[in-house]
Amino acid sequence: MSVDTQDMEIVHRVLRRESRLLMELVAAVTPGDTARAKVIADHFRVYRLGLRNHHEGEDELLWPPLLSRVDLEADIVLRMQAQHERIAATLTRLDAAVPAWEATAGADERDTLVAALSEHRSVLLEHLDDEEATLLPLAAKHITQQEWASLGDHLVNNTPKLTLLTLFGAVLEDANPAERAIVLGGLPAPVRVIWHVVGRHRYARHIRRVRG
């Protein structure tokens with residue numbers, strides 16, 4: 001049993017990039033510019049949904065089969081679970097800080113949000129680095145291809161279709177040709193057509209609006 005887990009690392013790259021950009025984008029908003037704050041807050045909600053569905057898929061579909069098949073390495077899986085809980089706690093704080101800033105774009109609310117985003121990113125990066133170093137090799141040995149594919153299915157089935165196109169765009173943004181082939185090759189043919197005809201243009205407009 002050997003599964004290629006490279007697609008997970010491609011997704012992690014997006015999380016690293018977007019968690020950094022969110023801090024920078026929020027910090028750059030002029031106090032009182034609620035229109036700009038709304039654009040960034042909406043982008044945060046896309047990021048938050050993608051991260052939530054990504055982690056819920058692991059919680060429901062990856063940790064249980066791994067725990068049933070490993071012995072001494074169970075501590076790695078348990079550590080991943082604990083890290084997910086820590087990340088969820090930072091998201092709970094962000095769920096309060098984002099609307100507070102969005103409503104007024106106040107300087108104090110902005111600074112509070114940037115601090116919360118910084119804390120979130122610190123906890124997230126610790127998890128992503130650890131997962132890639134310890135958990136992914138374990139998954140490659142003990143998870144079937146069908147089980148691995150179910151993670152992507154979970155994300156697709158639990159994400160509104162237009163938001164899904166934005167998430168696909170985020171994943172493909174920094175992907176090299178080989179990585180693009182991996183991502184697009186895992187999609188049904190009709191979805192690939194929708195991406196090329198509608199999704200890539202929609203994502204380009206979204207990114208121009210968010211990044212200015």
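Good morning. A contact, in what follows, means heavy atoms within 4.5 Å. With that settled, I turn to the structure itself, which is a predicted model.

Let me begin with Leu113. Leaving aside neighbours within four places in sequence, Leu113 is in contact with Val26, Leu94, Ala97, Val98 and Trp101. Two of these names return when we look at the interior. The largest nonpolar core has 27 residues, and the members that touch the most others are Ile40, Trp101 and Leu113.

I move now to helix H2, where Arg48 is found. Which residues does Arg48 touch, not counting those up to four places away in sequence? They are Leu91 and Asp95. With Asp95 the link is a polar contact between the two side chains, at 2.7 Å.

Next, consider Leu155, in helix H5, which covers residues 145–157. Not counting residues up to four places away in sequence, Leu155 touches Gly50, Asn53, His54, Leu164 and Leu167. The C-alpha atom of Leu155 is also separated by 7.1 Å from that of Gly57, although these two residues are 98 apart along the chain.

The last topic is charge. Side chains of opposite charge can pair when their charged atoms come close. How many salt bridges does the structure hold? The number is 20, and I shall present three of them.

In one of these, Arg17 pairs with Asp174, with the closest N and O atoms 2.8 Å apart. Arg17 lies in helix H1, while Asp174 lies in the loop between helix H6 (161–173) and helix H7 (177–185), so the pair ties together parts that are 157 residues apart in sequence. Arg17 is buried, with a relative accessible area of 7%, whereas Asp174, at 40%, counts as partly exposed.

Another salt bridge joins Arg45 and Glu102, whose closest N and O atoms are 3.0 Å apart. Here the partners belong to helix H2 and helix H3 respectively, so parts 57 residues apart in sequence are tied together. Arg45 is partly exposed at 35% relative accessibility, and Glu102 counts as buried at 16%.

In the remaining example, the side chains of Glu173 and Arg211 meet at 2.6 Å, N to O. Glu173 is in helix H6 and Arg211 in helix H8 (residues 189–211), so this pair ties together parts that are 38 residues apart in sequence. Glu173 has a relative accessible area of 30% and is partly exposed; Arg211, at 29%, also counts as partly exposed.

Thank you for your attention.

Terms used:
Residues numbered from 1 in each chain as written. Predicted model: local features only at pLDDT ≥ 70, side-chain atom pairs only at ≥ 80, totals over all residues. Heavy atoms only, no water. Core = buried A, V, L, I, M, F, W, Y, C linked by side-chain atoms within 4.5 Å. Buried < 20%, exposed > 50% of the residue type's maximum accessible area, 1.4 Å probe, protein only. Helix = DSSP H or I, 4+ residues; strand = E, 2+ residues; numbered from the N terminus. Polar contact = N/O pair within 3.5 Å; in protein donor to acceptor, adjacent residues only side chain to side chain. Salt bridge = Lys/Arg side-chain N within 4 Å of Asp/Glu carboxyl O.
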